[in-house]
Amino acid sequence: MRHGKKFNHLGRKSAHRKAMLANMACSLIEHKRINTTVAKAKALKQFVEPLITKAKVENNQTTEKGTHNRRVVFSSLRSKEAITELFGTVAEKVGERPGGYTRIIKLGNRLGDNADMAMIELVDFNDVYNTDSGKKKTTRRSRRGGKKAEAVAPAQETKATADDSEE
């Protein structure tokens with residue numbers, strides 16, 4: 001029975017699982033996206049998002065808090081290159097985002113063992129999904145009557161042009 005066990009053990013002992021998640025997190029920070037199984041992607045998401053939050057808070061705090069956050073994150077990741085990348089470019093990009101720094105996209109099944117595969121990526125580093133960042137978001141209430149007025153105007157113009165062409 002799994003009473004009180006709230007995270008996926010991924011079929012590994014705790015030391016192996018921690019090392020694997022740390023390596024996957026370093027690869028995710030370095031390459032901005034990685035392919036893995038869905039279960040590992042979900043476990044990695046829970047592992048890496050608090051670390052990104054600590055890196056983001058470090059940019060807005062004094063140096064004492066920043067040094068502490070770097071040391072806490074280093075105890076999880078154990079890679080100086082990943083730490084500098086995380087606290088540098090990644091923290092700058094996600095500075096305004098309140099959470100949800102990663103995205104999991106399911107890719108189908110792996111040929112060898114039919115495992116569910118997924119791509120996990122950092123949200124702000126994907127240009128395909130971030131095309132609407134320059135547009136201002138509107139609510140439903142603000143469009144009230146806007147579409148009807150636009151739909152009537154072109155219909156009247158086509159009628160007027162048809163009358164002009166008859167003359």
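Reader: In which loop does Asp 124 lie?
Author: This is a predicted model, in which local features need pLDDT of at least 70, side-chain atom pairs count only at pLDDT 80 or more, and totals for chains, interfaces and linings use all residues. Residues are numbered from 1 along each chain as its sequence is written, and side-chain values use heavy atoms, with hydrogens and water left out. Helices (H or I, at least four residues) and strands (E, at least two) are DSSP runs numbered from the N terminus. Asp 124 lies in the loop between β3 (116-122) and α5 (146-166).

Reader: Is Asp 124 buried or exposed?
Author: A residue is called buried under 20% relative accessible area, exposed over 50%, and partly exposed in between, using a 1.4 Å probe and protein chains only. The relative accessibility of Asp 124 is 15%. Because that value falls under the cut-off, Asp 124 counts as buried.

Reader: In what order do the elements of the protein run from the N terminus?
Author: The secondary structure comes to five helices and three strands. From the N terminus on, the order of these elements is α-β-α-α-α-β-β-α.

Reader: What span does helix α1 reach from its first C-alpha to its last?
Author: The expected span of a helix is 1.5 Å times one less than its number of residues. Helix α1 (residues 14-31) has 18 residues, for which 26 Å is expected. Close to that figure, the span that α1 reaches is 25 Å.

Reader: Where is Met 20, and what is its relative accessible area?
Author: Met 20 is in helix α1, where the buried residues also include Arg 17, Leu 21, Met 24 and Leu 28. An α-helix has 3.6 residues a turn, so residues three or four places apart point the same way. Met 20 is buried, and its relative accessible area is 11%.

Reader: What is the phi of Leu 10?
Author: Most residues other than glycine have a negative phi. Leu 10 is in the segment before α1 and counts as buried at 12% relative accessibility. Although Leu 10 is not a glycine, its phi is positive, at about 60°.

Reader: What is the phi of Asn 114?
Author: Asn 114 is in the loop between β2 (102-109) and β3. Its relative accessible area is 52%, so Asn 114 is exposed. Asn 114 is a residue other than glycine, with a positive phi near 65°.

Reader: Which residues are in contact with Ala 82, leaving aside its neighbours within four places in sequence?
Author: Ala 82 lies in helix α4 (residues 80-93) and counts as buried at 7% relative accessibility. Ala 82 and Cys 26 are 56 residues apart in sequence, yet 5.5 Å apart in space, C-alpha to C-alpha. With the neighbours set aside, Ala 82 is in contact with Cys 26, Ile 29 and Leu 77.

Reader: Which element gives the most to the lining of the largest pocket?
Author: On a 1 Å grid over the protein atoms alone, a pocket is an open set of points where a 1.4 Å probe fits, with protein on both sides within 12 Å along at least five of seven lines, and lining residues have an atom within 4 Å of a point. Lys 6, Phe 7, Arg 17 and Gln 46 are among the residues that line the largest pocket. Both α1 and α2 (38-60) supply at least two residues of this lining. With five residues, the element that gives the most is α2.

Definitions and conventions: Contact = heavy atoms within 4.5 Å.
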